[in-house]
Amino acid sequence: MPGGTQDVFYGRGSPVQLPMIERAAGIYMWDEDGNEYIDASSGPMVSALGHGNEAVVEAIARQARRLDYAYTRVARNRPNAEYADRLAQLAGPGFERIHLSSGGSEAVDAAIKLLRRHAVATGQVSRRRVVSLMPSYHGATIGATAMTGDDALEPLLDGFAVVSAKVPAPMSYRLPAGYTPESYAAYCAEALEVMIGELGSENVLAFILEPVGGLATGAVVPPRDYFRAVREICTRHGVHLVFDEVLCGTGRSGKFITAQHWPDALPDVIVMAKGLGAGYSPLGAVLAPASVVDELAGLGGFESSYSYNANPISCAVGLAVLDEFDRLGLVHRAVHVGALLRKSLEEMRDRSPIVGDVRGLGMLLAVELVGDKDSRTPLPAEALPTERIRLHGLRNGVMLYSRETSRGRFGHWFMVAPPLTITDEETAELLRRTEAAVGGLYDELRTGCVL
Ligand SMILES: Cc1ncc(COP(=O)(O)O)c(C=O)c1O
């Protein structure tokens, strides 16, 4: 079977036959049979500029001709220096030092390794535990997998030395009885304090969270007070607060740096990726304070690199992406299109018997599917809602990215997060196809007597 060497890694026995994509332009993709699809989630929230952006393609060619590669331990390169400066400028005070990597998982690991090296170098050797949220997603390396909150991963990680303790994520839709989203978030912040107490604050290195959730929570946005509370708890216990902005960063939330939505609760370290390279080249970044990095530099240094980190071509792509963000006013577009999308998706929620919730920030939105709207009961797992909504998406010309955490125990949702370059007309078409997919799923569930 052509592609069999690859498909075995991603298929999972899914009923969805993924299309073989041949080409893409803007928000559209076409498969080898000529079928057209709208890329409703920018892949996994990567393709911020859409596909085939000429300025970025040109930048790749120019840089590849001039300097394709220079290894960071033996040489410096200009695109790397310029790109790091641009990112630091965008992030502002407190994030003066930028470590580049080839993606989000590497960057998450690098952030924790940096903090751990700093702790060891400054005599805080016992600080090795990381606290993270259940559910959450932080990447696919062993370190990032250990920080990820997903019941399905527990057997995989059992016995591994890299251990992170989990506290509940401030979910907002399906809550324990008697809670509002605000009071549940306060309970979740309290759970962090309790966990740090149980572990012993002298043993805790960092608390990592996605400030706006991605696939793991379906774009959950914690209330403002939650950020203030966890910031205060981390400061009081000398625990580094790390924002994983790999998915929600790079403008999609309505600010280039998502943390800037909560200026009185800024983290100590920010991790970014995905939209930085926008699909044109692998690129991730750790944004860290000069105080930590420079102190460590005087005590032996971070001393951690990959063959491909700070690669000149990736950095040239990063610079071209930032230029396109400025030229096209994409952060502003994220606010404008985000509002359009949200309003229409909420109207769809009101019309559809299986759409329970629409949430998110800017152009990072999720639609939660339910079996019963009054009780907020999830769709039955045996109905394979995560797989089937994709199938109905493909049938209606839209690629919908759905995923479930902890075998669906938190619910089922799909993301609506198209390229930030989408026009208002294309947004209307995306919504039309998405509603058709949801309708197709509903009809199938109803006639299959699942509902
Ligand atoms: C919040 C978050 N962190 C980290 C990662 C890992 O990034 P990458 O897939 O680039 O390794 C992801 C990827 O989906 C993510 O959503």
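Q: In this predicted model, what counts as a pocket, and how much space lies in the second largest pocket?
A: A pocket is an open set of grid points with protein on both sides within 12 Å along at least five of seven lines. Its volume is the space filled by probe spheres set on those points. For the second largest pocket, that space comes to about 780 Å³.

Q: Which helix gives the most to the lining of the second largest pocket?
A: Let's look at who lines the space: there are 29 residues, and Thr-72, Asn-80, Ile-98, His-99 and Leu-100 lie nearest the centre. Several elements supply at least two residues each, namely α4 (78–91), β4 (97–101), α5 (104–121), β10 (284–288) and α10 (290–297). With six residues, the top contributor is α4.

Q: How many charged residues are in the lining of the second largest pocket?
A: Sorting the lining by class gives 14 nonpolar and eight polar residues. The charged residues in this lining number seven.

Q: How much space lies in the largest cavity?
A: Two cavities of 30 Å³ or more are counted. The largest cavity has 13 lining residues, with Leu-133, Ala-169, Glu-210, Gly-213 and Thr-217 nearest its centre, and nine of the lining residues are nonpolar. Its space is about 80 Å³.

Q: How many charged residues are in the lining of the second largest cavity?
A: This cavity holds about 50 Å³ of space, and its lining includes Met-45, Val-246, Arg-252 and Lys-274. By class, five lining residues are nonpolar and three are polar, while the charged ones number two.

Q: Is helix α13 mostly covered or uncovered?
A: A residue is buried when its relative accessible area is under 20%. Among the buried residues of α13 are Pro-385, Ile-389, Leu-391 and Leu-394, and their cover includes β12 (364–372), β16 (412–416) and α14 (424–447). Eight of the eleven residues in this helix (385–395) are buried, so α13 is mostly covered.

Q: Which residue just after α13 takes a positive phi?
A: Helix α13 spans residues 385–395. Just past that helix, a phi of about 75 degrees belongs to Gly-397.

Q: Why does the radius of gyration agree with a compact globule?
A: The fold has 14 helices and 16 strands, and its C-alpha trace spans about 65 × 60 × 45 Å along the principal axes. Buried residues make up 53% of the 451. A compact globule with 451 residues would have a radius of gyration near 22 Å, which agrees because the protein's own value is 22 Å.

Notes: Residues numbered from 1 in each chain as written. Predicted model: local features only at pLDDT ≥ 70, side-chain atom pairs only at ≥ 80, totals over all residues. Heavy atoms only, no water. Buried < 20%, exposed > 50% of the residue type's maximum accessible area, 1.4 Å probe, protein only. Helix = DSSP H or I, 4+ residues; strand = E, 2+ residues; numbered from the N terminus. Contact = heavy atoms within 4.5 Å. 1 Å grid on protein atoms, 1.4 Å probe; cavity = no way out; pocket = protein on both sides within 12 Å on 5 of 7 lines; lining within 4 Å. Nonpolar A, V, L, I, M, F, W, Y, C, P; charged D, E, K, R; others polar. Rg over C-alpha atoms; globule rule 2.2 N^0.38 Å.
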